[in-house]
Structures are given as C-alpha cells and as structure tokens.
Amino acid sequence: MNYKVHAYILGRLLEVEAALLAAPLLVAFIFQEGRLVYRSYCLGIALALVLGKLLAYKKPEDIKLYTRDGLVLAALIWWVYSLLGALPLTLTGELPNYIDALFQIISGFTTTGASVIPDVEAISHASHFWLAFSHLVGGMGVLVFAMAVLSGLGPSSVNLMKAEVPGPSFGKINSRLSDTARRLYLIYLSMTGVLALALILAGMNFFDALIHSFSIAGTGGISDYSLSIAHFDSLAIDLVCSFGMLIFAVNFNIYHYLLLSKGKERIKSEELRWFFSIVVTATLLMSINILPQYINQGQNYGRALRDAFFATSSIISTTGFVTADFNSWPLFSHLILLGLMFVGGCAGSTAGGLKVSRVGMLVKSAFQGARSAFEPKRALPLRWEYQAVDQEESHKIMQYFIIYVLIFSVCLAILSLDQVNYGEAFSAVASCFNNVGPAFGQFGPRFSYAHLTNLSKITLSVAMIAGRLEIYPLLMLGHVLYKLAKQPLKG
C-alpha cells in the first residue's frame with residue numbers, strides 16, 4: 001500500500017473539510033451567536049488546514065490506487081472527518097462529552113439522524129446548520145464531493161468512488177470519473193434547491209427550509225425542532241417531505257438518464273418497481289392497522305393514511321423524520337417499520353439499508369431454492385433487471401448478507417451490556433446500522449440515545465459508518481491497522 005498517496009489525498013480532503021466548516025461559521029456571524037461559537041469553528045478550520053497542509057505538502061509523482069487502497073482510504077477519511085468535525089460541537093459546550101459530539105457528527109455524515117441532544121432547540125444555529133450540512137455532504141458521499149471539486153487525483157480514484165457509492169454494483173455515468181462526480185452533485189444540489197423552495201412555499205422560513213431540505217436530500221433526519229416535522233403540523237409540509245424523501249431514495253443514475261431523454265428504459269427498472277410496491281403496500285397495511293387507534297382519538301382515516309405514508313417514506317428512505325409517535329402504534333405496524341429499516345432505499349441513492357436490489361435478489365433466490373427442491377432437474381437462473389445474475393454476483397450478495405448479520409449480532413451483544421431490553425436494543429442497532437435514526441421504546445421518536453454509556457455510543461457509531469460504507473471498507477481498515485500494530489512485535 002502506498003501510504004504517501006494516502007497521506008496526500010487525506011491532506012487534500014482535510015483542506016476540503018476546512019472549507020466546509022466555514023459554512024457554519026458564516027451562519028454564526030449572521031445570527032450573531034457569540035465569540036465562543038466563532039472561536040470553536042475557527043479552531044476547527046485552522047486545525048483542518050494545518051493538518052491538511054502537513055499531509056499534502058508534497059504531491060506524489062504517481063497517484064495510483066488499487067481496490068484495497070480505495071477501501072482503506074474511504075473508511076479512514078470518514079473517521080478523520082468525523083473526529084475533526086465533532087471538535088466544534090464540544091468546544092461550543094453544546095456537547096461537552098466528546099464521545100457524544102463524535103456520535104452526533106457521525107450520525108450527521110452517515111445521514112443516520114440518531115441524536116444524543118436532549119434539548120434540540122438549545123443548540124446554536126451554527127451547529128444546527130453544521131449537522132444538517134453534514135447530511136448534505138455525506139448523503140452523496142464525502143469522496144464523491146471531493147472528486148467533484150478537486151483535480152489531480154488520477155483515474156485510479158475510481159476505486160475511492162466504488163468504496164463509497166452504495167449498492168451491490170457500481171456504474172459510471174460518464175467516461176471521466178470527475179465528470180461523473182460533478183454531474184451527480186449538480187443533479188443532487190439542483191434537486192435540493194427545488195426541495196428547499198417547495199418547503200418555503202409550503203410554509204417554512206428560509207433557515208428551516210435549508211435545514212430540512214439538507215436533511216431530506218441526504219436522507220438524514222436532523223431537525224432544529226425536538227418534534228421534528230410534527231412541529232409544523234402542516235399537510236403541505238408533510239406531503240412535500242414525504243415525496244421528497246422517496247425521490248432522494250431512488251437511484252440517481254435514473255435522474256441523469258431522464259435529463260438525457262433516455263429515461264424510458266431506466267424507469268422500467270425492476271428495483272424501482274419493487275421500491276414503490278413496498279411503499280404502497282406498507283402504507284396501506286399500516287394505515288388500516290392504526291385506524292382504530294386514530295378513531296378512538298377522534299381522527300379519521302385521512303389522518304391515519306397521512307401519518308402512515310409519512311412514516312413509510314421516512315423509514316424506507318432511512319431519513320428518520322416523524323410526524324407521529326409511532327412508538328404508540330400497534331405491534332404489527334412496528335414490525336412493518338422494522339422491516340422497512342432493513343430494506344432501505346435503492347442502490348445509488350442517498351438512502352441506507354440493505355438496498356432494495358439486494359433484498360429483491362435475496363427474496364428471488366429463496367423462492368428459486370424452494371422451486372429447485374420440487375424441480376431438481378430444471379435450470380432456474382436468478383434474474384434481476386431482466387438479466388440473468390451470474391453465480392459470482394449472487395455469492396457476493398449472500399456473503400454480504402452473512403457478514404451483515406454477524407456484525408449486527410456483535411453490536412447487539414455489546415448494546416445488551418447496557419441493560420437495554422432485547423427488543424429496544426435490536427431496533428436501536430437496526431436503526432443505526434441501516435442509517436435510519438429513531439427506533440422503538442427508549443430510542444423512539446420522542447427520545448434520544450443520550451442515556452447510553454460511551455461503549456454503546458462508540459459501538460453504534462461504528463455501526464453507522466459500517467452501514468453507510470457497506471461494511472467492507474471498515475473491515476479492510478481494521479485489517480490494515482491490525483497488521484500495522486503487529487509489525488513491531490515481529491523478529
């Protein structure tokens with residue numbers, strides 16, 4: 001592995017983070033939030049710049065990255081961004097426990113939205129903006145953003161993008177990777193701008209519209225109100241957010257092909273049909289399930305359908321916004337929401353979860369196995385997106401699922417040491433691992449993760465990054481660090 005290249009790229013990306021931290025500093029000046037907030041963000045900018053310049057002082061002659069380099073560097077950058085990005089939150093005194101600040105900013109960059117802030121309204125505008133802005137950057141990807149604004153990273157940087165873009169497969173939409181990143185971000189930011197305008201027209205003020213459009217675009221869920229979207233109690237805002245969350249949970253390649261007037265074939269996407277079929281089915285089942293409870297509260301089916309649709313859109317897109325306390329809903333609805341957490345959005349979107357394509361292929365593979373038991377002599381190839389899935393791809397999906405279950409189990413075991421009951425611990429790990437945010441019980445929409453021990457918070461932080469980077473980059477980084485730690489013991 002070429003550590004000089006790693007150091008150089010990490011240095012350049014730290015310079016990018018310094019520029020990103022300037023945005024909440026500007027917000028602090030606009031809202032006149034005091035010297036402590038100014039100094040906290042200024043120190044973060046200064047530290048990022050100094051470290052960046054030290055690491056990138058000399059550009060290597062040949063910037064060449066292999067698949068393994070891309071995986072390690074992707075995980076390393078996400079940890080370094082989070083470790084540095086948490087610093088202003090601690091220095092302002094808003095999250096004096098650095099582990100809390102780290103949990104919160106990891107939740108931001110990974111677009112999870114899980115919070116350890118008990119009183120959201122007490123946080124400064126600058127910190128609200130920083131957390132929501134981290135959703136915007138992390139949604140499409142820190143490295144995708146870097147490749148959109150930086151030059152000179154070389155063609156082998158495709159291995160960086162492969163390590164970060166979510167989904168079972170990776171496909172460029174342009175022959176030049178930098179052009180791919182720029183086009184993706186142009187589409188992404190344009191859609192975010194349109195969403196912010198729609199929220200303003202629906203009744204939000206400018207700052208609230210920015211915060212919530214950033215959160216929806218990154219499918220993150222950070223709000224500047226404790227009640228989340230329920231604070232506004234507006235049908236128009238609910239509908240804009242619901243459809244916005246679904247739009248950003250769709251593969252962005254489809255929007256690119258639509259712009260090129262080549263979207264007719266892409267709209268026939270099997271994954272897209274599965275995605276919207278799941279949304280419609282889950283909405284109808286939950287609305288019927290919660291209707292008796294709503295009638296007892298003096299509300300009608302229209303309100304039940306509205307809340308069920310919002311909850312479905314929020315959870316399957318892994319955004320985590322709420323308009324109703326689904327903690328109080330019947331168990332059947334809890335099971336549907338838990339299932340949606342695992343499914344997540346489409347590959348190539350800003351959403352988390354296993355991804356609809358993986359779930360679809362796993363379901364088809366299970367049915368194929370059952371049919372093979374009855375017709376052992378018949379060849380039954382697994383098909384997805386109207387094409388046969390080769391054996392290697394099918395094995396990769398199964399391997400990913402097995403590793404996913406193993407890591408999930410380890411996180412669940414660690415969280416159980418915190419005297420959390422099984423159901424609540426399971427939902428908390430599912431929520432963080434799939435980058436959703438709210439869970440059930442003491443981790444529900446009206447509560448936070450603040451009461452957990454530092455060990456549990458670190459465990460869930462690792463789960464959030466593992467879920468966002470889809471496991472392999474974090475495993476590879478751990479393997480490399482383990483080998484480096486063993487080296488001095490040799491000989």
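**Entry 1: confidence.** I began with pLDDT, which is the predictor's confidence in each residue, from 0 to 100. This is a predicted model, so I kept to local features with pLDDT of at least 70 and to side-chain atom pairs at pLDDT 80 or more, while totals for chains, interfaces and linings use all residues. Residues are numbered from 1 along each chain as its sequence is written, and side-chain values use heavy atoms, with hydrogens and water left out. The protein chain has a mean pLDDT of 88, and 90% of its residues reach 70 or more.

Where pLDDT is low, the predicted coordinates should not be read in detail.

**Entry 2: helix α20.** Helices (H or I, at least four residues) and strands (E, at least two) are DSSP runs, numbered from the N terminus. I looked up Ala466 and found it in helix α20, residues 454–468. Is Ala466 buried or exposed? I call Ala466 buried because its relative accessible area is 3%; buried means under 20%, exposed over 50%, and partly exposed in between (1.4 Å probe, protein chains only).

Leaving aside neighbours within four places in sequence, I see Ala466 in contact with Phe433, Ile471 and Leu474. I also checked Cys432, which is 34 residues from Ala466 along the chain, and the C-alpha atoms of the two are separated by 9.6 Å.

Thr459 is in helix α20 too. Its relative accessible area is 8%, so I noted Thr459 as buried. With neighbours within four places in sequence left out, Thr459 is in contact with Cys411 and Ile414.

**Entry 3: salt bridges.** Side chains of opposite charge can pair when their charged atoms come close. My cut-off for a salt bridge is a side-chain nitrogen of Lys or Arg within 4 Å of a carboxyl oxygen of Asp or Glu. How many salt bridges does the structure hold? I have ten in my notes.

I looked at Glu470 next. Its side chain meets that of Lys355 in a salt bridge, 3.3 Å from N to O. This pair links distant parts of the chain, 115 residues apart: Lys355 is in the loop between α16 (331–343) and α17 (356–374), and Glu470 is in the loop between α20 and α21 (472–486). Lys355 and Glu470 are both buried.

Arg358 forms a salt bridge with Glu470 as well, with the closest N and O atoms 2.9 Å apart. Here the link runs from helix α17, which holds Arg358, to the loop between α20 and α21, which holds Glu470, 112 residues apart. I wrote Arg358 down as buried because its relative accessibility is 6%, and Glu470 as buried because its value is 6%.

Lys396 and Glu392 make a salt bridge at 3.7 Å, N to O. Both lie in helix α18 (residues 391–416), four residues apart, about one turn of the helix. Lys396 has 43% relative accessibility, so it counts as partly exposed, and Glu392 has 55%, so it counts as exposed.

I also logged a network of salt bridges that links Arg12, Glu15 and Lys53.

**Entry 4: aromatic rings.** I counted rings of Phe, Tyr and Trp (its six-membered ring) as paired if their centres lie within 6.5 Å; planes under 30 degrees apart are stacked, over 60 edge-to-face, and the rest tilted. The structure holds 30 aromatic pairs.

One of them is Tyr225 with Phe232, edge-to-face at 5.5 Å centre to centre and 85° between the planes. Tyr225 is buried, with a relative accessible area of 18%, and Phe232 is buried at 18%.

What is the geometry of Phe326 and Phe440? Their ring centres are 5.6 Å apart and their planes stand at 75°, so I have this pair as edge-to-face. Phe326 lies in the loop between α15 (301–316) and α16, and Phe440 in the loop between α19 (422–433) and α20, so the pair ties together parts that are 114 residues apart in sequence. Phe326 is buried at 3% relative accessibility, and Phe440 is buried at 9%.

I found one aromatic cluster formed by Phe342, Tyr400, Tyr404, Phe408, Tyr422, Phe426, Phe433 and Tyr472. The charged end of Arg358 sits over the ring of Tyr400, 3.9 Å from its centre; the cut-offs are NZ of Lys or CZ of Arg within 6 Å of the ring centre and within 35 degrees of the ring normal.

Terms used
Contact = heavy atoms within 4.5 Å.
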